[in-house]
Amino acid sequence: MENILDALAIYGYSNLEDRIEFELDGVIEKEIAPAYCNENFELCVSCMDYTSLKVTDTEKSIMTFVSELLKKLKKNTLPDVASVCVFPRFTSLVKENLVGTPIKTTVVGACFPAAQTFLDVKLAECKAAIAAGADEVDVVISVGDVLERNYEKVYKELVAIREACAGVILKVILETGELKTIESVFNASLIGAYAGADFIKTSTGKVPVNATPETVYVICEALRQFHAQTGKMVGIKVAGGITKIQNAIRYLTIVKHILGEQWLTPAYFRIGTSQLLEDVLKEMKTVKING
């Protein structure tokens, strides 16, 4: 890629605001009801990055977190989640406790959640996590530089992180609640995609505003246009405050509406969550009783 600005120039978001309002309130809203079924509840489970990112996390609490997850999945005959997501220092511990399952080990890297440090430090943390066994790494984009439109700088940093994370899945977190505008979210999504991200992720879950239907719509539209231009499929991860299956199904419906059915697999759709599984279990029982 010679220049990220030249690449961005071929994309358009000018009419997105009106489309978002019309489609979220109309077409997509009508598609949510038929999508609310056990089949999609199980799909959401299989797309989960089951997450613990607390300041109070310890080796003991993370071991309990993983063991209780595995018990719940087995007891309720649910599909395996896509991954367990933790801080880097717990990488090898999670990896060991997931032996015998297909569940991946995800870590937040590059000095999550603020990412306000030296690039060398970010790269070193990513490399250390991968050496410890991380299968997937979630990193935060340089939010301030996106807001100031320092797009070339943002792109080059993500390319360096992509190189440091060679051979593993890389998810780029936009922190959409801080980017605020359609332009920023749209362009940041494309910069991440061009830099080689496997997924564009909405949020860290550590700021006041995290995933919203509007920002998920914008990311999906950027990735749809990117696929049309390049032929490459880039996944989307919604995260931050997703505790109810109603929300998860809404996001799944938006992804399906804009990007298509082929995105509805753990390879291209993820839900970052620490509490959603309990609500899925409750709703599955309710649907079964009422059905």
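Strand β1 and strand β8 (residues 269–273) pair in the parallel sense over three bridges, where pairing asks for at least two DSSP bridges between two strands. Strands here are DSSP runs of E with at least two residues, helices are runs of H or I with at least four, and both are numbered from the N terminus. This is a predicted model, in which local features need pLDDT of at least 70 and side-chain atom pairs count only at pLDDT 80 or more, while totals for chains, interfaces and linings use all residues. Residues are numbered from 1 along each chain as its sequence is written, and side-chain values use heavy atoms, with hydrogens and water left out.

**The barrel and β1**
- Eight strands form a closed barrel in the order β1-β2-β3-β4-β5-β6-β7-β8, with parallel pairing.
- On average, neighbouring strands of this sheet are turned by 25° against each other, direction ignored; axes are lines fitted to C-alpha atoms, for helices over the stretch in contact, and angles run from 0 to 180 degrees between N-to-C directions.
- Tyr50 stands opposite Thr273 in β8 and has Val84 as its bridge partner in β2, while Thr51 stands opposite Cys85 in β2.
- Met48 and Tyr50 point one way from β1, Asp49 and Thr51 point the other way, and all are buried (under 20% relative accessible area, with exposed over 50% and partly exposed in between, for a 1.4 Å probe and protein chains only).

**The nonpolar core**
- The largest nonpolar core has 103 residues, and those with the most contacts inside it are Val84, Ile141, Ile161, Val172, Leu174 and Ile254; such a core is a set of buried Ala, Val, Leu, Ile, Met, Phe, Trp, Tyr and Cys residues joined through side-chain atoms within 4.5 Å.
- Helix α13 (residues 245–259) gives the most to this core, with nine residues.
- Beyond its neighbours within four places in sequence, Leu174 is in contact with residues including Ile141, Val143, Leu179 and Ile219 (contact means heavy atoms within 4.5 Å).

**The whole protein**
- The protein has 14 helices and eight strands.
- Its radius of gyration is 18 Å, close to the 19 Å that the globule rule gives for 291 residues, so the protein is as compact as a globular protein of that length; the radius is taken over C-alpha atoms, and the rule is 2.2 Å times the number of residues to the power 0.38.
- Buried residues make up 54% of the 291 residues.
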